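I opened the notebook to record what I looked up in this structure, entry by entry. The entries follow the order in which I looked.

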Amino acid sequence: MREVQITKDLVVRLLQVIEPRFDIEKVNKVVLNVGSGLGISEAVLRQWFASLTKGSKLENVAVEIVATEGQEISGKLVVSTAERVGVFLCECGPNLKEALDFPALIEAARLLDNVVLVKAFSLLCSGDGQQGLAEDIKTNQLTRVVIAGCSPREHEHTFKKVLKQAGINPYLLRIANIREQCAWIMSDKQQATDLAALMIKAAVRRVLVQEPLEEKEIDICPDVLVIGAGITGMSAALALAQKQRKVYLVEQLPCIGGKTVRYEESFPNMECAPCMLEPKMDAVLHNERIETLTCSDVQEVLGYFGNFEVKVKKRARGVDEPACIGCGACVEACPVELDNEFNENLSKRKAIYLPYPGVLPNVPVIDKAHCLRFQGKECSLCEAACAFGAVNYGQDDEVRELKVGAVIAATGFDLFDAAPLGNLGLGKIPDVYTSLAFERMMSASGPTEGKIVRRDGSVPRTIALVHCVGSRTAEHRDYCSGICCAYLAKFARLIHHKLPETQVLSIYSDLCFPGKKMQPFFEQLIRETNTHYLRVRNPNALQIGQTDGVLEIAGVDVEEQANCAGGTLRREKRLNVRADMVVLAPAMEGSRQAEPLSRLLDVPVDGARFFIEEHVKLSSFATARDGILVAGCAQSPQDVAGSVAQGVAAAGMVLSRLVPGEKIQLEPAVSVVDEKRCSGCKTCVDLCPYHAISYDGEKHVSVISGVLCRGCGICVAACPSGAIVGQHFRDEQICAEIQALLK
Amino acid sequence: MSEQFQPKVVAFLCNWCSYSGADAAGRAQRKVPAELVRIVRVMCTGRIDPQFVLEAFRQGADGVLILGCHPGDCHYKEGNYKMLKRHAILEQVLSDFGIEKQRYCLDWVSASEGEKFIRVAGEMIETVRALGPLRLPHTAESKETAV
């Protein structure tokens, strides 16, 4: 656009002067500068202008009235004219000036079509440079800008802002990367200058066919969905629950607290885990900004950062939560007995049950897969036993549709299944336990109320702890879970406390005690208790068998001795020990619910079901999908402290970016469908990695969501009808560049 | 130098990995031995319409190079796999047109692989130099004047 200054005086004269001189079809608007001293009101002026232009080509042209000082009245027509391109070369201090022949570049750029200004700056990105650029754009009435300098990845944003300030659409900028991809990479000055000239030419040709794009903003929803009500999810939810924000805490189990609440004590300070968690769980359940949905599964997550639409299915508990007081009368009445998975199957539960004593929420749940009534038999014993009418067989599953701005996946971990290994005896020998089962055995709320006993009820005199089960081996999980050495040391400490006469054999290949507390804890353990660490080459290769009730553990022992040359000598000998009980420490893996959730969230998990983070160090709690965060053991194996820290970190990310009342900017360079050309073949629909394309059954065309599209252009290249336009990377723009680079 | 054939190679680079990789080469002041490929930035290799490659050859390119994120690293998750599929077809089509296979190449360069960018771009220039100018029947005339 170019503003044409018209002489002055009254509008009548303006029209007489301009009409024969310009192609009036191209007039975009008329700007009238009206001196306030004249005392003409805007309404009168508009009327006057309308009567004067009636029947002329200017009849329906937009009029902008600007109040000025004095008693003058003047006007200008804003008309479309040929594009005026400015080419700005940055010398980048001495960097480019010396590496390229600047006078030659300037001369070459001047000859290019539509280029009205070529100018070199010593440092365009500096404050002075930016100011000079803005002034030149204005004074030369530039319509498009080419900047030749550093990579667009360095300063495209900076210069887009300058264009905006100078009144040009920021998408009418093209940057020729004559620094990184020319001067700095070419050894010959002449060749570099030739290439730079070519790059500038390509940028000018391209910028001439670029289109202005509108930057849009959309409202955000500040509410957050947290998946998993373990220590991580609860920590995140509590941090997020602030004014003007609601948190939905979704838990697939009937209770909150995750795995941690089922431990007796936790390392390194041997603090009672339920005591530590109780206040947190209480705070979660009584926080009016947190809605906890137990027995619930996420079914669908659509949308994008700031605006997700989520479906959560809340499975019927069969007991009305507000009516139930948690007395447990219904549980006693139930005739069905099943293994209790909350106690790692070391005890029984009923078909209506509380997972463990002290569970929160303290409301029983009906296991419909095993309840006689739900299996079609006549039974209503629990209903009859309830004095409060809380048992409700007719309760329906409920699908909740939630709107949230962000999602935090805190789905925790499961243990590597060591049973298929066979040689370690898990699942075959009753007194071989997993670490989680042993945690429950030591817990006061567990199957033995904290007593360490064998299946036959006897007290074990020797307990073997086996490290690294399924860990640190290419055959199973190649990583170290990082916490097993610590919790096995905790086990040894607790065993010593409960059974001082019992010997502990800790069978390991390498030990890992990071952090400021665990090494002293371990050394104290060795000093004060009857614990022996036995080193073997590979705990996964142990053979654990049983003869006459005694467990026999055989393996290869490794002894290392320094030899006189300063190296080490490794001497192997057979390990052969007996124990009454074996506890395995299997590798931690991502939760089994992570895999289906990964598909819903569109965030991949790795081979061990850990969600893949955006960056392993800098952004371990974010994912590649904006607005979906991941925390705690859902991301990688961690201890309680690490999980809490990550949960709060993820919450902090959300707090800083999802501010109630603020809007988020949308990327304008996205793809759009030309409905007239779309044949409705749906090729694009399945190709889009962001599910941004849907099919309009009425119009028989594809529709691209401007907010979901990230502008990758996969659909553009794939459309057989050429009906999809990749804005800012249109075919004609890319082809203009190709041609300019070659001819 | 002026006697030597100077190959014109157009390189399509994805914004996230390969374009950054080329920038990284520049920042490290790693120099290409001779000419440089002529870079066209696209957001993703998945955006590369096979027609762009054909257009480049039609407009007089002696070679076309496509560089994207390594498989599994695509900023848009799978755009490079889409390119890989088109690549197989393109190779076939180009050889049907009488364009030697070596004139067209797809490779992966990450944002940190400045060295690799230099190597791949350099090898492409030398491969095409060895092949000589591309002579297509309908562009033969314009090629004569260009060379």
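Leaving aside neighbours within four places in sequence, with which residues is A:V407 in contact? I found A:L225, A:I227, A:V301, A:F308, A:L601, A:G627 and A:I628, where I count two residues as in contact if their C-beta atoms, placed from the backbone, lie within 7 Å.

Before going further I noted the conventions. This is a predicted model, in which local features need pLDDT of at least 70 and side-chain atom pairs count only at pLDDT 80 or more, while totals for chains, interfaces and linings use all residues. Residues are numbered from 1 along each chain as its sequence is written, and chains are lettered from A and ligands numbered from 1 in the order in which they are written.

Entry on the cores. I looked up the largest nonpolar core, which has 129 residues, and saw that A:V226, A:A237, A:V407, A:I408, A:A409, A:L465 and A:V582 touch the most other members. Helix α14(A) gives the largest share of this core, 10 residues. Another core, of 126 residues, lies apart from it and has A:V162, A:I200, A:V670 and A:C712 among its members. A nonpolar core here is a set of buried Ala, Val, Leu, Ile, Met, Phe, Trp, Tyr and Cys residues joined through C-beta atoms within 7 Å, and a residue is buried if 20 or more other C-beta atoms lie within 10 Å of its own.

Entry on β25(A). Strand β25 (residues 462–469) of chain A has seven of its eight residues buried; helices (H or I, at least four residues) and strands (E, at least two) are DSSP runs, numbered from the N terminus. Five bridges join β25(A) in parallel to β26 (residues 503–508) of chain A, with A:I463 opposite A:V504. Five bridges also join β25(A) in parallel to β31 (residues 581–586) of chain A, where A:V466 has A:L584 as its bridge partner. I recall that two strands pair if DSSP finds at least two bridges between them.

Entry on the two chains. I found 31 residues of chain A in contact with 35 residues of chain B. On the chain A side, α20(A) supplies the largest share, eight residues.

Entry on α3(B). The 18 residues of helix α3 (residues 79–96) of chain B should span 26 Å at 1.5 Å a residue, and the end C-alpha atoms are 26 Å apart, which agrees; the expected span is 1.5 Å times one less than the number of residues. Its buried residues include B:M83, B:H87 and B:L90, and their cover includes α19 (714–718) of chain A.

Methods:
Buried ≥ 20, exposed ≤ 12 C-beta atoms within 10 Å, placed from the backbone.
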